[in-house]
Amino acid sequence: MIETQELTRRYDKAAVVDAVSLQLPEQAFTAIIGANGAGKSTFLAMVSRLMPASAGRAFVDGLDVATTSGDVLARRLAILRQDSAVTARVTVRDLVAFGRYPHSRGRLTAEDRAQIEDALDFLELAPLADRFLDEISGGQRQRAFVAMVLAQDTDHLLLDEPLNNLDMRHAAGMMKLLRRAVDERGRTVVAVLHDINFASCYADHIVAMRDGRVIAEGPPEVIVTPSVLEAVYGIAMEVVSVRGYRSVHYYR
Amino acid sequence: MSSAAAVNAAGAALLALATASMLVGVGDLSTEILLASRIPRTLALLLAGAGLAVAGVLMQLVAQNRFVEPSTAGTAQSASLGMLAVTILAPDAPVVVKMLCAAIAALVGTLLFLRVLKAIPLRSTLTVPLVGIVLGGIIWAAATFLAYRYDLMQMLASWSTGDFSTVLRGRYEVLWIALALTIVAYVAADRFTIAGLGRDSAVGLGLDYRRVVGLALTIVALVTAATVVTVGTIPFLGLVAPNIVSLIVGDNLRRSLPLVAGLGAGLMLACDLLGRLVPYPFEIPVGTVMGVAGGGLFLYLLLRRDARLG
């Protein structure tokens, strides 16, 4: 269970995230949407303990992320950051194997190895497993990091723009995969998404942020409406229904 | 070539270099010369070479940059400044105490370097070592001023250019600390590699990032201080050895660290031998040879890596 109480981050006086209190649904896919600078990534970074909060608290399974030791949290919460540029030259398989570090502390068991191969297969990375990260494309590197996060085998996955660098085929593939992680493995997935249509078609729950505050949350039927989206993004939106999914047109 | 065969070949090359190092020198080979001078010199070369290469790779993982090492991050210069200060304040302190003071100064200098880096908003791969070189230059200027005032210029010069010609039994043993630290680095190899993935990934995997960086910098500072105190600063070794190994087997330290240490030791031996053989019966200090050979090799790696990435 991920819960925040009045979670706040200030730079000087301006609040980037302003007293956000949320309870995110368990074993569901939550998408966080909002314009640039709405505070989505900052919110996620505080929940995942990468950034200290200026005020308020965040809990994962009832554990305060600010005071719980890092290795305990690493077995409950896995995170994917926006920027996956890495200077260290490691192979895809090595990277995915590091996902098992919170469990194995570097001594891989047979079960660890099975999880690693499973994650590689899940992301269609098996043919690239022995390539170095600087020898593959940005999209492939992004998938390698997602495989690492999956190998970590935690109940909660927090992803900051997981569709970065991915073409349409791989973006759709990534969303299907996250959906499967929820449906087949009972994971809780929270992802910052810029593509409102992906959020609408795949998420169970959408949190809409603007100026550091949550201005609306609920299932896609409630959030993906012209009035809510215009309040979130500040531009005119047309919502149509295609095969039962709400789809947004805002291109011109 | 299989990796086991490669390791065997590398080991044999290292052994051959070490043997050559014990045989080369003015003066007839006697047991006394061997025990008092040739063996200590060879051991000192091996220990300093392995230690500096390991310090280089740790620094590169922590700074997330391929082109930093103790001599391009202000670490070596700070160690010299610390050594100078303790020589002025407590000239009679034992060498281990002096070395620890130099190590503390080295640590402070390296932390300052990382602090300055943090304050620079846009850093490209090449600005990072440039910042380190500028910072090292400033620290070096301060050291020179102090040394000039206290009439210690000669001493400062001996720390600035790596030279093994004065290594004798009883004068190099501090360097064994480099071996101990290399072993520590190997034990913690996974943690260092994960830290090299960047702070966010490391924290996400449950690593106590600050502690791991602290350990890495402590190792770097101690190795740098130990070499500066006994033989002086040796440039580029900490850059060249890790970069060559990285190209071949990557940066997973569990696999690469023994090769980094071995290559560092081998390059050091080779450069010292070159310096002893070329102007025979005179000597060129290894720091000078490494400056030329290592610098050239480094330039090659720089251009090659850029070509591959671009």
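1. Is B:Thr227 buried or exposed? In this predicted model, B:Thr227 has a relative accessible area of 2%. Because the cut-off for buried is under 20%, B:Thr227 counts as buried.

2. B:Thr227 sits in helix 10 of chain B, which covers residues 209–230. Apart from neighbours within four places in sequence, B:Thr227 makes contact with B:Ala48, B:Leu52, B:Leu175 and B:Gly232.

3. The largest nonpolar core has 177 residues, and the members that touch the most others are B:Phe113, B:Phe164, B:Phe192 and B:Met268. Helix 2 of chain B (residues 31–63) supplies the largest share of this core, 15 residues. In chain A, domain 1 (2–76 + 154–249) and domain 2 (84–153) both contribute residues, so the core lies between them.

4. For B:Phe113, once residues up to four places away in sequence are set aside, the residues touched are B:Met59, B:Val68, B:Ala73, B:Val128, B:Val131, B:Gly132 and B:Leu135.

5. In chain A, strand 1 (residues 2–11) and strand 2 (residues 14–24) run antiparallel and are joined by seven bridges. A:Ile2 is placed opposite A:Leu24 of strand 2. The hairpin formed by strands 1 and 2 of chain A has two residues between the strands, and A:Asp12 adopts a positive phi near 55° there.

6. Strand 1 of chain A also pairs with strand 4 of chain A (residues 55–60), again antiparallel, through five bridges. A:Thr4 has A:Ala58 in strand 4 as its bridge partner.

Notes
Residues are numbered from 1 along each chain as its sequence is written. Chains are lettered from A and ligands numbered from 1 in the order in which they are written. This is a predicted model: local features need pLDDT of at least 70, side-chain atom pairs count only at pLDDT 80 or more; totals for chains, interfaces and linings use all residues. Side-chain values use heavy atoms; hydrogens and water are left out. A nonpolar core is a set of buried Ala, Val, Leu, Ile, Met, Phe, Trp, Tyr and Cys residues joined through side-chain atoms within 4.5 Å. Buried means under 20% relative accessible area, exposed over 50%, partly exposed in between (1.4 Å probe, protein chains only). Helices (H or I, at least four residues) and strands (E, at least two) are DSSP runs, numbered from the N terminus. Domain bounds come from an automatic or database domain assignment. Contact means heavy atoms within 4.5 Å. Two strands pair if DSSP finds at least two bridges between them.
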